[in-house]
Amino acid sequence: MLLLLLLLPLPLLLLLLLPPLALLRQPQDARPSWLSWLAGLQHRMAGGALCWAAAWQQRRLEQSTLHAGQSQQQALMWCLREAGRPLGPLQGTTDTSTFRNHLPLIKATQAQEEESGGQLLPPTSTQCYGEASLQATLLGLAALSKAFPEVLTPGGIACVTPTSPWPRPLPWPWRILDQVVSAPGAKHPGALLLEALRSPGLRALEAGTATELLDVFSGLEANGEELAEAMAAGNPGSPLPSRAAELREALDLGPRGLALRLWPKLQVVVTLDAGGQTEAVAALEALWCHGLAFFSPAYATSGGVVGLNLWPEQAHGRYLLPPGAPFIELLPVKEGAQEEAASTVLLAEAQKGKEYELVLTNHAGLARCRLGDVVQVVGAYNQCPVIRFVRRLGQALNVRGEDIQEDVFTEALGRAVGQWPGAKLLDHSCVESSILDSSQGSAPHYEVFVALRGLRNLSEENRDKLDHCLQEVSPRYKSLRFRGSVGPARVHLVGREAFRELRAALAACPSSRFPPEMPRVLRHRHLAECLQRRVLS
């Protein structure tokens with residue numbers, strides 16, 4: 001219905017835009033002048049249609065967030081109506097209190113394991129389809145265009161990974177704005193990167209996640225000469241041989257600022273926010289993408305889009321939790337008591353500065369699913385909260401009751417790496433010693449695997465700094481170390497390919513989530529061994 005309403009004012013546009021679609025993939029210097037003119041007209045009209053649709057979605061968002069309680073009640077009604085199983089005592093109800101009283105909270109991991117019960121499971125596609133995902137894409141593109149007006153010019157965007165950062169592909173007629181430089185059908189990151197390198201005028205670089213983009217730049221450095229030869233040999237008589245020389249020159253100057261040397265007009269990097277991406281974003285900002293803005297258009301989970309980013313100019317992701325479907329509740333997080341039962345609050349009841357765990361209900365499983373994502377309310381948009389991601393509850397280290405949460409360990413590791421001369425952290429994961437049977441009669445401890453840039457070997461003095469930093473950020477850990485109940489953390493340097501192998505192993509798991517998350521604490525031996533096999537030092 002939404003698509004029909006959007007297309008009704010555009011019947012003449014259909015006739016005008018269809019002819020060049022099959023020809024737009026021709027190189028610009030090979031196009032006849034009339035085709036270039038038509039392509040430009042097509043792009044301008046699609047941009048106008050985007051503005052119109054985004055303005056309509058913005059009005060809907062304003063109305064729904066001004067009356068968040070009523071909007072959430074309507075979202076719950078939709079979830080109940082679309083549920084594919086008997087509702088029992090919930091039949092015919094639209095009361096949120098009755099709903100919460102009759103359906104218990106369930107953890108995301110439990111929901112994923114109960115596949116036979118039709119619980120909340122990851123989508124099989126890399127896009128989360130639905131009205132919320134379309135809204136996130138349209139409003140995200142409009143916000144991006146407002147912050148960086150030249151990004152949506154023809155040939156201004158290239159995606160260098162098989163997955164897209166946008167929650168949903170654009171329907172016609174806006175699909176022309178999604179016509180990136182990449183060749184049709186190109187799915188291998190190397191082929192996508194090669195096409196992007198052939199376009200020096202890019203203004204935005206897209207990747208599914210920051211971790212995937214980090215892999216792309218690592219591959220670019222490793223295979224730079226091969227890519228340069230492919231560009232020089234692929235089009236005799238074209239400007240590409242000089243482009244190949246530019247690539248070689250850019251690589252010779254090192255990783256810092258590489259993206260801007262390759263694409264001087266580049267303004268922004270677009271990736272999708274997902275758990276465990278903070279270190280990849282920090283590494284990209286400090287090295288390859290230094291000087292560029294980063295924008296994540298949505299906060300997406302295995303149950304759908306739960307947050308919209310309307311502020312591309314903000315340095316770190318802030319997301320509005322909209323009151324539509326899926327139905328969102330917030331579970332207050334109590335320090336050291338995450339497992340205690342507590343009452344959830346609705347969006348309009350969220351308090352600024354407080355931390356909450358996201359609870360999601362959609363029509364697919366009709367389960368009040370605790371996602372394990374902890375967010376902090378940093379502001380408000382009408383009656384709805386604006387949040388930032390803090391940590392994941394399932395990523396705590398706990399060998400003697402010390403309960404070191406993901407954000408606390410990340411802070412300690414960051415302090416330690418800052419004391420390692422020339423080192424830049426690319427990735428890390430931890431394993432409790434019991435998983436690898438590495439205690440061997442000694443006290444239980446952490447096995448920490450790190451991938452670094454700028455440091456090829458770790459001295460014992462540098463390894464010990466992590467343990468000292470952990471004691472600084474966690475008094476409980478310090479006390480256990482003083483008594484000898486916990487052994488010192490053991491740090492292992494691994495190659496970057498170790499984490500690519502780990503992600504491949506995670507993707508092969510039946511319960512793998514979308515968006516792809518990078519675990520910081522590994523609970524299974526076979527996953528830990530992916531890193532253990534790649535230890536360099």
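Author: A residue is called buried under 20% relative accessible area, exposed over 50%, and partly exposed in between, with a 1.4 Å probe and protein chains only. This is a predicted model, where local features need pLDDT of at least 70 and side-chain atom pairs count only at pLDDT 80 or more, while totals for chains, interfaces and linings use all residues. Residues are numbered from 1 along each chain as its sequence is written, and side-chain values use heavy atoms, leaving out hydrogens and water.

Reader: Thanks! What share of the protein chain is buried by that rule?

Author: Of the 537 residues in the protein chain, 54% are buried.

Reader: Why is Cys159 called buried?

Author: Its relative accessible area is 10%, and the cut-off is under 20%, so Cys159 is buried. Cys530, at 5%, counts as buried too.

Reader: How many disulfides are there?

Author: A disulfide is a pair of cysteine sulfur atoms within 2.5 Å. By this rule the count is zero.

Reader: Happy with that. What makes H14 oblique to H16?

Author: Helix H14 (residues 406-417) and helix H16 (residues 460-473) pack at about 135°, their axes 8 Å apart. Angles under 35 degrees are roughly parallel, over 145 roughly antiparallel, 65 to 115 roughly perpendicular, and the rest oblique. The angle falls in the rest, so H14 is oblique to H16.

Reader: And which residues of H14 meet H16?

Author: Contact means heavy atoms within 4.5 Å. Among the H14 residues that meet H16 are Val408, Phe409 and Leu413, and their partners in H16 include Leu466, Cys469 and Leu470.

Technical notes: Axes fitted to C-alpha atoms, helices over the stretch in contact; angles between N-to-C directions. Helix = DSSP H or I, 4+ residues; strand = E, 2+ residues; numbered from the N terminus.
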